[in-house]
Amino acid sequence: MTTIRTELAEPTTAVPTKLHVVGGRPEIDLPAAERAVADLLVALGRDPDGAHLAETPRRVASAYAEMLTPREFDLTTFPNDEGYDELVLARDIPVQSLCEHHMLPFQGVAHVGYLPGERILGLSKLARVVELFARDLQVQERLTKQVADWLQDHLAPKGVGVVIEAEHQCMSLRGVRAAGSTTVTSAVHGSLRENPASRQEFFALTGISA
């Protein structure tokens with residue numbers, strides 16, 4: 001199971017002003033991955049030493065390493081001096097991940113919102129948190145819940161909500177070949193789960209029917 005590591009960049013408070021966030025993925029053995037891709041090409045009846053495939057094992061290994069390695073970042077929060085208590089929502093955050101069942105991509109958008117508590121978050125960091133969990137072998141349901149749980153735990157908002165809409169290539173390119181089909185998942189905590197009006201507002205602003 002992936003462990004996300006956070007390192008305090010400043011003395012701790014109820015909600016730290018800055019956390020250094022590290023993905024914590026297992027180290028990727030690129031030479032072994034290259035050999036595995038070469039073996040796969042042979043199993044598929046292809047010649048990995050051919051002119052067009054000679055660099056393919058290296059390229060594929062590097063591509064998977066990139067897709068499975070989130071970038072480190074600082075999670076920066078600021079005092080909610082004005083006492084802002086309305087919904088903050090970042091819509092249409094791009095999401096790219098890998099289905100752990102077929103190792104094929106799924107991609108789409110995430111809508112991430114929260115009701116501020118004592119601190120507010122730099123908006124770009126919402127996209128960083130999405131990427132933090134998306135760059136992994138995933139299922140969409142888990143990814144949605146991980147983003148919501150992590151923000152609830154580290155930002156201490158009054159409520160948090162996450163909706164992800166994505167198309168899965170394991171559905172569009174194989175099997176039923178349902179091109180254009182979109183899967184929608186959601187996770188909500190706090191007031192966005194318990195207060196019907198707040199819940200309705202969040203889903204209305206994401207364009208999803210609650």
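Trainee: What should I keep in mind about the source?

Mentor: The model is predicted, so local features need pLDDT of at least 70 and side-chain atom pairs count only at pLDDT 80 or more, while totals for chains, interfaces and linings use all residues. Residues are numbered from 1 along each chain as its sequence is written, and side-chain values use heavy atoms, with hydrogens and water left out.

Trainee: What makes up the secondary structure of the protein?

Mentor: Seven helices and nine strands. Helices (H or I, at least four residues) and strands (E, at least two) are DSSP runs, numbered from the N terminus.

Trainee: Why is His 168 called buried?

Mentor: Buried means under 20% relative accessible area, exposed means over 50%, and partly exposed is in between (1.4 Å probe, protein chains only). His 168 has 11% relative accessibility, so it counts as buried. His 168 sits in strand E8, residues 159-168.

Trainee: Which residues are in contact with His 168, leaving aside its neighbours within four places in sequence?

Mentor: Pro 105, Phe 106, Gln 140 and Thr 183. Contact means heavy atoms within 4.5 Å.

Trainee: How much of the protein is buried?

Mentor: Of its 210 residues, 40% count as buried. Among contacts with a separation of 6 or more, 66% join residues 24 or more positions apart.

Trainee: What makes Phe 202 and Phe 203 an edge-to-face pair?

Mentor: Rings of Phe, Tyr and Trp (its six-membered ring) pair if their centres lie within 6.5 Å; planes under 30 degrees apart count as stacked, over 60 as edge-to-face and the rest as tilted. By this rule the count comes to one aromatic pair. In that pair, Phe 202 and Phe 203 are 5.1 Å centre to centre, with 65° between the planes, and the pair is edge-to-face.

Trainee: Why is Pro 26 called exposed?

Mentor: Its relative accessible area is 64%, so Pro 26 is exposed. Pro 26 lies in the loop between strand E2 (18-22) and helix H1 (30-43). Pro 26 and Arg 135 are 109 residues apart in sequence and 12 Å apart in space, C-alpha to C-alpha.

Trainee: Where is Gly 24, and why is it called partly exposed?

Mentor: Gly 24 is in the loop between E2 and H1. Its relative accessibility is 33%, so Gly 24 counts as partly exposed. From Gly 24 to Glu 72 there are 48 residues in sequence and 9.5 Å in space, C-alpha to C-alpha.

Trainee: What about Val 21, buried or exposed?

Mentor: Val 21 has a relative accessible area of 0%, so it is buried. Its place is in strand E2. Val 21 and Leu 121 are 100 residues apart in sequence and 14 Å apart in space, C-alpha to C-alpha.

Trainee: Where is Ala 156, and what is its phi?

Mentor: Ala 156 is in the loop between helix H4 (140-155) and E8. Its phi is near 50°, a positive value in a residue other than glycine. Its relative accessible area is 37%, so Ala 156 is partly exposed.

Trainee: Why is Glu 86 called partly exposed?

Mentor: Glu 86 has 42% relative accessibility, so it counts as partly exposed. Glu 86 is in the loop between strand E3 (73-79) and E4. Leaving aside neighbours within four places in sequence, Glu 86 is in contact with Tyr 114, Leu 115, Pro 116 and Glu 201. The C-alpha atoms of Glu 86 and Tyr 64 are separated by 40 Å, at 22 residues apart along the chain.
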